Amino acid sequence: MQEFYKKALLALIVLLLVDALVAVVFVYRTYPTQTLLPVQNGNSRWHYGTYSDVATGGASSVRLHDMSRDRLRFDFKLKDAAAYPFAAADLTFRDDKGRPILQDWSRFRTITFVAKCAPATSVTFEMSTFDEKISKPGQFETYRPPRTYFSCNEQGMPVTLDLARLLVPEWWFPAMKLDLARQGYELDKVAKILFGTSMATPRNVDGYIEISELTLHGRDYRYLAALAVIVLGGWVAFGVWFFLAHSRALLASVDTKMKTNLPLVAYRQLTLEPYKDKEKASVLRYIASTYTDPKLDLEAVATGTGANRYKINEVLKSELGMTFTAYVNKLRLTEASRLLTQKSSAAVSEIAYLVGYSNVPYFNKLFKEEFGCTPKSFRMLAAQQPEQEQPADNAGAETPV
């Protein structure tokens with residue numbers, strides 16, 4: 001059994017290490033991130049663009065400060081020529097050939113960035129999401145434009161926005177002849193994002209807006225579910241293996257134990273040997289014939305054989321390497337193992353009494369220490385052995401000489 005427990009411990013350690021490694025990988029994937037700025041290597045590229053109220057008769061100006069791939073910065077100056085002056089810059093997704101593409105952000109829940117601006121003001125964040133029912137490819141005015149606002153200043157402020165809690169502006173619905181109640185939008189087809197001024201932005205003042213460290217963050221609980229299935233499956237497999245392997249190892253251990261113990265039964269071997277020392281033979285014969293007596297002790301053997309206690313212990317030590325108590329227990333437990341195998345209808349308590357134990361729990365304890373399993377388990381394991389390997393019914397029937 002020692003070898004089995006070593007293997008089981010090694011398998012358990014391996015299982016724990018594998019579970020830990022899988023957990024790290026899956027938990028990491030449960031919280032996916034995607035860096036938008038600085039621009040990462042990949043097939044998609046940013047295309048910077050600017051907008052202002054000039055298209056609607058306004059006079060506001062907007063200019064990209066540079067073409068850096070690390071940040072988006074644009075300078076602007078709002079003028080009151082239009083009813084709603086505005087200036088903005090957007091980031092459009094394009095492939096290597098410059099064609100607009102849609103991004104799937106459905107696994108992301110928030111977007112974070114650092115915003116700087118002068119003067120300090122409220123800034124608009126807007127997405128353009130493609131809606132197959134109403135949107136026309138390339139015509140961004142037909143895309144749903146969910147948006148929100150955030151504050152910024154010249155020192156720079158970290159911003160976190162919930163992508164699922166943006167609002168589509170009311171003016172867009174009558175322009176698209178849609179019911180105002182249709183506020184929903186999806187994140188699986190995002191065409192571009194936009195940063196721009198708001199109604200709170202000061203007029204007739206030179207200003208700028210700078211966005212950096214733009215990153216998407218998400219939660220994909222499918223990986224946690226997969227992790228739970230994998231871990232549970234691994235432990236179930238380990239449990240099944242442990243149960244089957246333990247049963248086989250225990251069966252082999254019981255079989256070995258029985259084969260080892262049988263030669264030690266005095267009434268089968270030792271009492272038949274031609275001992276020259278008559279006193280020694282007398283001690284062994286007496287124990288072999290009375291070991292089932294619950295009251296058997298050293299005093300009883302000394303009285304029954306005429307040998308003193310020292311001589312009895314010397315005999316058992318020299319012949320068997322055991323103490324008196326250990327030898328008597330060995331005889332009783334070996335006989336109990338035979339009876340458990342051959343007398344399937346007898347109760348465990350009955351067998352305990354037959355071999356000399358009046359205390360059944362104590363018998364169960366000793367039996368488990370000797371064979372590694374309870375008497376009931378031993379009986380079931382013994383029944384699984386090939387019939388020819390089981391002890392014969394008359395294994396202990398020989399009469400001491």
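The following dialogue asks how some descriptions of this predicted model are reached.

Student: How many helices and strands does the protein have?
Tutor: There are 10 helices and 11 strands, where helices (H or I, at least four residues) and strands (E, at least two) are DSSP runs numbered from the N terminus.

Student: What makes cysteine 117 and cysteine 152 a disulfide?
Tutor: A disulfide is a pair of cysteine sulfur atoms within 2.5 Å. For cysteine 117 and cysteine 152 the S to S distance is 1.9 Å, and a disulfide joins them. Cysteine 117 is in strand β6 (residues 108–118) and cysteine 152 in strand β8 (residues 147–152), so placed 35 residues apart that the pair links distant parts of the chain. A search of the whole structure finds one disulfide.

Student: Why is the disulfide of cysteine 117 and cysteine 152 called right-handed?
Tutor: The torsion about its S-S bond is about 115°, so the disulfide is right-handed.

Student: Is cysteine 117 buried or exposed, and how do you know?
Tutor: Buried means under 20% relative accessible area, exposed over 50%, and partly exposed in between (1.4 Å probe, protein chains only). Cysteine 117 has 1%, so it is buried. Cysteine 152, at 3%, also counts as buried, as does cysteine 373 at 4%.

Student: Which residues does lysine 77 contact, leaving aside neighbours within four places in sequence?
Tutor: Contact means heavy atoms within 4.5 Å. On that basis lysine 77 is in contact with Ser60, Ser61, Asn204, Val205 and Asp206.

Student: What makes α7 roughly perpendicular to α9?
Tutor: The axes, lines fitted to C-alpha atoms over the stretch in contact, have angles from 0 to 180 degrees between N-to-C directions. Angles under 35 degrees count as roughly parallel, over 145 as roughly antiparallel, 65 to 115 as roughly perpendicular and the rest as oblique. The axes of α7 (residues 324–342) and α9 (residues 360–371) come within 11 Å and cross at roughly 90°, which makes α7 roughly perpendicular to α9.

How values were computed: Residues numbered from 1 in each chain as written. Predicted model: local features only at pLDDT ≥ 70, side-chain atom pairs only at ≥ 80, totals over all residues. Heavy atoms only, no water.
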